[in-house]
Each structure stands twice: as structure tokens, then as C-alpha cells.
Amino acid sequence: MARECDLMLVVGSSLQVYPAADVPQLAIERGAPLVIVNDEPTPLDVAATVVIRGRSGEALPEIRRLARGG
């Protein structure tokens with residue numbers, strides 16, 4: 001699925017536990033934008049299209065609110 005996605009959203013992961021940490025890389029290699037929401041830096045921040053630094057429980061509701069135009 002990662003090889004076929006239009007967008008990869010990683011939420012609350014350090015991206016340091018393998019093999020799961022390899023999943024976003026598969027999406028990047030296929031040209032999908034990567035969005036990372038995490039309160040700490042990750043090894044893939046440099047490859048991400050967007051990095052949102054914060055706690056997922058706070059950031060995701062705010063992203064949803066902004067996406068709805070409000």
C-alpha cells in the first residue's frame with residue numbers, strides 16, 4: 001500500500017523501529033509526499049514535504065479544523 005499511496009501521513013512515530021520505519025521510505029521512493037506529525041525530530045524529517053512538530057492529540061484536531069477552513 002505504501003508503494004501506491006498518494007500521500008504518506010506518519011503520526012506519533014520516531015521512525016526508528018524497524019521494519020515499520022521503512023514504510024514511509026517506500027512511499028517517498030514512489031514520489032508520494034510525506035507528512036510527519038511528531039513531537040520529536042525523526043530521521044525522515046529531511047525527506048518530508050511537511051513536518052508538524054507537536055503532540056498528535058493536539059496537532060491532528062488543529063489540522064482537521066484548518067482543513068475545514070476554520
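Predicted model: local features only at pLDDT ≥ 70, side-chain atom pairs only at ≥ 80, totals over all residues.

Modeller: We begin with the core. In soluble globular proteins, nonpolar side chains tend to be buried together. A nonpolar core is here a set of buried Ala, Val, Leu, Ile, Met, Phe, Trp, Tyr and Cys residues joined through side-chain atoms within 4.5 Å. The largest such core comprises 10 residues: Ala-2, Met-8, Val-10, Leu-15, Ala-27, Ala-32, Leu-34, Ile-36, Leu-44 and Ala-48. Strands E1 and E2 (34-38) are the elements that give two or more residues to this core. Helices (H or I, at least four residues) and strands (E, at least two) are DSSP runs, numbered from the N terminus.

Biologist: Is Leu-15 buried or exposed, and with which residues is Leu-15 in contact?

Modeller: Buried means under 20% relative accessible area, exposed over 50%, and partly exposed in between (1.4 Å probe, protein chains only). Leu-15 is buried because its relative accessible area is 4%. Contact means heavy atoms within 4.5 Å. Apart from neighbours within four places in sequence, Leu-15 touches Val-10, Ala-21, Pro-24, Ile-36, Thr-42, Pro-43 and Leu-44.

Biologist: How far apart in space are Pro-33 and Asp-6?

Modeller: Although 27 residues separate them in sequence, their C-alpha atoms are 7.3 Å apart. Pro-33 belongs to the loop between helix H1 (23-29) and E2. Beyond its neighbours within four places in sequence, Pro-33 contacts Asp-6, Leu-7, Met-8 and Thr-49. With a relative accessible area of 30%, Pro-33 is partly exposed.

Biologist: How many salt bridges does a search of the whole structure find?

Modeller: A salt bridge is a side-chain nitrogen of Lys or Arg within 4 Å of a carboxyl oxygen of Asp or Glu. The search finds two. One joins Arg-53 to Asp-45, at 2.7 Å from N to O; Arg-53 is partly exposed at 41%, whereas Asp-45 is buried at 15%. Another joins Arg-65 to Glu-62, at 2.5 Å from N to O. Arg-65 and Glu-62 are about one helical turn apart because three residues separate their positions in helix H2.

Biologist: What is the length of helix H2?

Modeller: The expected span of a helix is 1.5 Å times one less than its number of residues. Helix H2 (residues 56-67) has 12 residues and reaches 16 Å from first C-alpha to last, close to the expected 16 Å. Just after H2, Gly-69 adopts a positive phi of about 90°.

Technical notes: Residues numbered from 1 in each chain as written. Heavy atoms only, no water.
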